[in-house]
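Colleague: Could you take me through this model, interface by interface and element by element? I would like each reply to end on the value or name I ask for.

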Amino acid sequence: MTKRPISRRAVLQGSAAAAAATVFAAPARAQLPAPAPLDDVLIAAAKKEGKVSFYTAMDLDFAQRLGKAFEAKYGISTKVERSGAERVFQRIGQEHTAKIYAVDVANTADAAHVIIWKRNGWLAPYLPEEVAQHYDKAYYDADALAITTRILVSPIAYNTDLVKKEDAPKSFKDLLDPKWAGKMVKGHPAYSGTIMNATHQIARDIGWDYFEKLAKQKVMQVQSATDTPKKIQLGERAVMVDGAGYLVIRYKEEGSPVEVVYPEEGTPLATGPSVVFKSAPNPNAARLFQNWMHGREAQQFLVDWARQYSPHGQTKEKPSVRALRDIKLMKEDPAAVEKEAEAIKKRYAQIFKV
Amino acid sequence: MTIALPAESAVRRRTFKIDFSLPVLIAFAAVLCVLIVLPMSWLAYYSVVDKAGQFTLENFATLVTEPEFRGPMLTTLILATSASIFCALAAAPMGWLVARTDLPFAKAVRALVTASFVTPPFLGAIAWELLAAPNSGLLNKLYRHLTGAEMGDHIFNIYSMTGLIFVVSCYTFPYIFVLIANALDRIPGDLEDASSMLGGRTWTTARRITIPLALPALLAGMLIAFLQAMTLFGSPAILALPAGFHTMTTKIWSLFQFPPKPELAAAASLPLLVLTVMLLRTQQMILGRKGYSVVGGKTGDPRLIRLGIWKWPAVAFVFAVLMLPVFLPYFALINAALSPIATTLVTPENATLKNVWFTFGLSSTKIALQNTFILGALTATLGTLMALVIGYISVRRAVVGHQALGFLATAPIAIPGIVLGVGLFLTYTQPPFVLYGTLWILLLAYLTIELPAAYQQLSSAYKAVGNDLEDASRILGATRLQALRHITAPLLRTSVIATWCFIFVATVRELSAAIILFTSDTRSCRS
Amino acid sequence: MSVLIFDLKESGDLGAIAVLGIMMLVLTFAVVITINRIPGFGAAQRLRNT
């Protein structure tokens with residue numbers, strides 16, 4: 001194992017270059033494991049195990065395709081468990097407490113979870129070669145315990161059949177206009193990691209009183225950040241306050257009457273890291289999956305099909321989508337989310353009554 | 001069906017010598033205690049301790065003082081009361097029309113009521129979301145299409161208290177219907193004959209004889225409907241949360257979100273439990289006093305009232321009611337299954353099977369189907385076996401202390417699914433029994449929930465068979481087990497099969513206990 | 001299966017819910033119809049006897 005001491009300074013420089021926040025700015029980079037190649041030895045060992053279980057907060061349709069693509073390539077049956085990031089986190093916690101080790105790889109949409117899992121000592125270090133080569137250091141953990149798989153934004157969006165372009169909201173503040181009362185849909189921070197981070201960032205940058213005013217607008221409350229785009233696609237509500245921006249882009253490209261708005265105050269950001277668990281029942285298949293998922297092929301699939309932003313330096317985005325660096329982003333702060341999550345959920349429930 | 005009646009055989013029989021051993025009784029009593037007493041004790045214990053395990057009444061104080069709990073309690077009461085009234089308004093006339101009049105298609109009506117009875121309420125709620133969501137709902141789209149109303153105008157808003165009450169009523173009214181139709185079927189024709197012989201006209205007879213005799217069943221049915229509406233989880237979770245309010249069940253469920261607050265959940269479950277026990281006792285008193293006084297003689301066939309010119313309006317009424325829980329929702333589901341976007345009307349041009357392929361491609365679908373079958377079959381088999389033995393012991397009074405067994409087997413009827421879920425969660429997430437995350441804990445939950453109905457069906461089957469034949473074979477020298485195998489078993493066959501199927505169906509649609517007890521691993525059937 | 005449907009509901013995958021729901025109903029009806037085929041246990045009698 002080669003030691004690669006990396007200074008905090010280098011980390012900060014790396015992250016400054018990145019559009020995203022410094023998710024994995026650990027105070028001291030202890031030591032990274034040697035970058036692991038995706039070689040025949042690993043494939044053979046993984047095939048021997050024959051299966052892998054992947055818990056994720058991605059939209060089900062994509063998660064399933066990702067699993068199927070892995071299955072097709074390596075012949076390893078992939079069990080995909082999809083739920084909201086906060087639910088996934090809760091499940092893994094309950095399972096570990098009950099000493100049930102069912103999860104191999106988990107992908108969340110709330111980087112704060114990694115902090116807790118890391119503190120509990122549940123994660124296995126693993127650094128795929130491609131990640132070491134092509135990922136900005138801001139996108140993987142100092143101890144290689146987690147790798148950012150996807151970068152999500154939670155913009156506003158609207159149904160273009162129901163709202164004319166010139167009438168569309170341009171900022172979060174615009175949504176407080178009485179004309180939007182009863183016309184908005186919103187996800188829930190106790191379910192979705194994306195929404196948890198969005199809630200934290202909006203409360204920090206705009207203030208909790210924003211939510212108090214928003215709650216008077218008869219907002220339809222759904223659970224998942226992947227449900228709000230579906231509700232505006234159906235035309236059930238005209239405007240989504242928060243949710244998975246990538247789905248809106250996908251639906252728009254499929255011909256649905258939806259449009260994204262990057263709010264003036266800044267667009268909430270959530271990075272979605274993936275981890276391999278120490279207790280993984282299929283340790284080799286888990287590593288192969290983690291390696292493959294962060295490789296160029298799977299990452300390009302993530303960009304092309306799922307329309308999410310990739311941390312991989314070599315992936316190519318279509319010109320039609322606004323690049324991450326051109327969006328005014330709110331700053332993600334997993335450490336703060338980790339500390340405040342419970343208080344956020346509580347306050348949110350008080351304001352929105354559910 | 002959750003109708004509690006104490007299993008009491010009215011006929012005195014000669015007592016057997018105890019050749020059925022005491023160990024059997026003790027074993028079954030122990031199993032039942034584990035099933036029922038253990039989780040309920042933990043529930044009670046957790047409700048009066050704090051996180052550190054110290055005695056406190058703080059949990060109940062929170063329940064009463066915090067608006068975040070008072071709101072849901074009030075909502076639940078309003079929901080349950082209104083649902084039971086609406087159900088009665090729809091079910092009572094329907095029950096009467098089907099049982100006592102020459103209504104055409106009466107058989108079909110009964111079948112359709114059975115259909116709405118076995119439709120999982122949460123599925124109905126989702127279907128009604130497709131139909132009556134204010135903007136995307138099919139019915140609202142139709143309304144706007146017909147009237148040319150503006151987008152945003154709607155006649156139905158399912159995400160509201162009224163919407164919730166409506167949907168809950170749709171899938172609760174069969175309980176009342178069944179009880180009323182039962183009671184009316186049982187009223188002997190002789191009574192009505194007597195009335196008409198004495199000069200009472202058809203309608204007088206109905207008013208003076210039929211209605212008073214059916215009234216206890218109606219009240220009992222309303223209580224059952226109240227209980228159902230109060231303890232339902234799926235429909236409120238689907239319809240109330242988007243509208244921004246909680247009922248007790250969704251609130252209890254939300255207390256399990258991270259970080260879980262089992263103490264509060266336990267405290268919040270107890271009022272549901274207590275209220276259920278009280279209402280069931282009331283229901284027993286009502287039914288016990290009147291409804292069954294005429295059961296004894298099922299003599300003459302009921303006189304069917306001729307509807308005359310009212311025939312077709314009556315048919316229209318019945319089918320209009322049945323549109324709501326059956327035809328419209330099923331249509332919405334089929335439409336959503338074949339449509340590219342759930343609430344777009346399917347046409348031959350846009351019909352697609354992509355949803356079907358997507359669903360069957362999911363890795364979780366196969367596992368879920370597998371688990372549903374395994375759990376359903378296991379629960380049904382074990383539940384039927386347990387009910388057979390317990391039923392036998394208590395109906396034949398085979399062992400001293402059989403009453404206790406009968407009582408224990410009927411007791412879970414008073415435990416709402418979500419309360420049982422909380423109790424089992426508390427019991428089996430800690431040593432000595434860590435079953436959480438395995439299929440076993442769900443098996444326990446389902447067994448407990450379904451046992452009362454199974455026990456009632458089978459013990460009444462035992463009573464119907466009677467034990468004269470069994471006695472005869474024993475006199476002729478057969479042992480008790482031989483008598484059971486060659487005489488009683490064949491006679492009970494149909495009841496056993498029916499009970500098995502009944503438990504299987506009920507298990508498949510159970511959600512409220514499962515939602516608390518499921519982990520993703522359970523689905524993988526790793527246990 | 002009911003829990004899977006509920007999970008799908010939370011993420012808004014209505015098409016999949018509809019397919020699973022119909023499967024569930026078909027399964028249930030198959031069982032109910034089987035009961036009614038058993039001689040002596042027709043729907044009407046069942047309603048009366050319970």
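**Interfaces and buried elements**

Colleague: How many residue pairs are in polar contact across the interface of chain A and chain B?

Modeller: A polar contact here is a pair of N or O atoms within 3.5 Å, where within protein one must be able to donate a hydrogen and the other to accept it, and residues adjacent in sequence count only if both atoms are side-chain atoms. With both residues required to be at pLDDT 80 or more, the number of residue pairs that the rule finds across the interface of chain A and chain B is seven.

Colleague: Which element of chain A gives the largest share of the side that touches chain B?

Modeller: Helices and strands are DSSP runs, numbered from the N terminus (helices are H or I with at least four residues, strands are E with at least two). The elements of chain A that give two or more residues to this side are helix H3 (60-74), strand S2 (77-82), helix H4 (85-97), S8, H9 and helix H13 (334-352). The largest share, six residues, comes from H4(A).

Colleague: What should I keep in mind about the origin of the model and its numbering?

Modeller: This is a predicted model, in which local features need pLDDT of at least 70 and side-chain atom pairs count only at pLDDT 80 or more, while totals for chains, interfaces and linings use all residues. Residues are numbered from 1 along each chain as its sequence is written, chains are lettered from A and ligands numbered from 1 in the order in which they are written, and side-chain values use heavy atoms, with hydrogens and water left out.

Colleague: What is the area buried between chain A and chain B?

Modeller: Counting contact as heavy atoms within 4.5 Å, 38 residues of chain A are in contact with 36 residues of chain B. Buried area is the accessible area (1.4 Å probe) that two parts lose on being put together, summed over both. Carbon and sulfur atoms give 55% of the area buried between chain A and chain B, which is about 3100 Å².

Colleague: Which residue of chain B forms a salt bridge with Lys9(C)?

Modeller: A salt bridge is a side-chain nitrogen of Lys or Arg within 4 Å of a carboxyl oxygen of Asp or Glu. The count between chain A and chain B is zero, whereas between chain C and chain B the count is one. The closest N and O atoms are 2.8 Å apart, and the partner of Lys9(C) is Glu129(B).

Colleague: Which helix of chain C supplies the largest share of the side that touches chain B?

Modeller: Between chain C and chain B, 37 residues of chain C are in contact with 56 residues of chain B, and the buried area is about 4100 Å², of which carbon and sulfur atoms give 79%. The count of residue pairs in polar contact is three, and helix H1 (2-11), helix H2 (14-37) and helix H3 (43-49) of chain C each supply at least two residues of this side. The largest share, 18 residues, comes from H2(C).

Colleague: Why is helix H9 of chain A largely enclosed, and how many of its residues are buried?

Modeller: Buried means under 20% relative accessible area, exposed over 50% and partly exposed in between (1.4 Å probe, protein chains only). The buried residues of H9(A) include Asp227(A), Lys230(A) and Lys231(A), and just after the helix Gly235(A) takes a positive phi of about 85 degrees. Helix H9 (residues 227-234) is largely enclosed by the rest of the structure because the number of its eight residues that are buried is eight.

Colleague: Which residue of S11(A) is the bridge partner of Leu152(A)?

Modeller: Two strands pair if DSSP finds at least two bridges between them, and seven bridges join strand S5 (residues 146-153) of chain A to S11(A), running antiparallel. Strand S11 (residues 269-277) is mostly covered, with nine of its nine residues buried. The partner of Leu152(A) in S11(A) is Ala270(A).

Colleague: What is the relative accessible area of Ser116(B)?

Modeller: Ser116(B) lies in helix H4 (residues 106-118) of chain B. Leaving aside its neighbours within four places in sequence, Ser116(B) is in contact with residues including Tyr171(B), Phe173(B) and Pro325(B). Ser116(B) is buried, with a relative accessible area of 0%.
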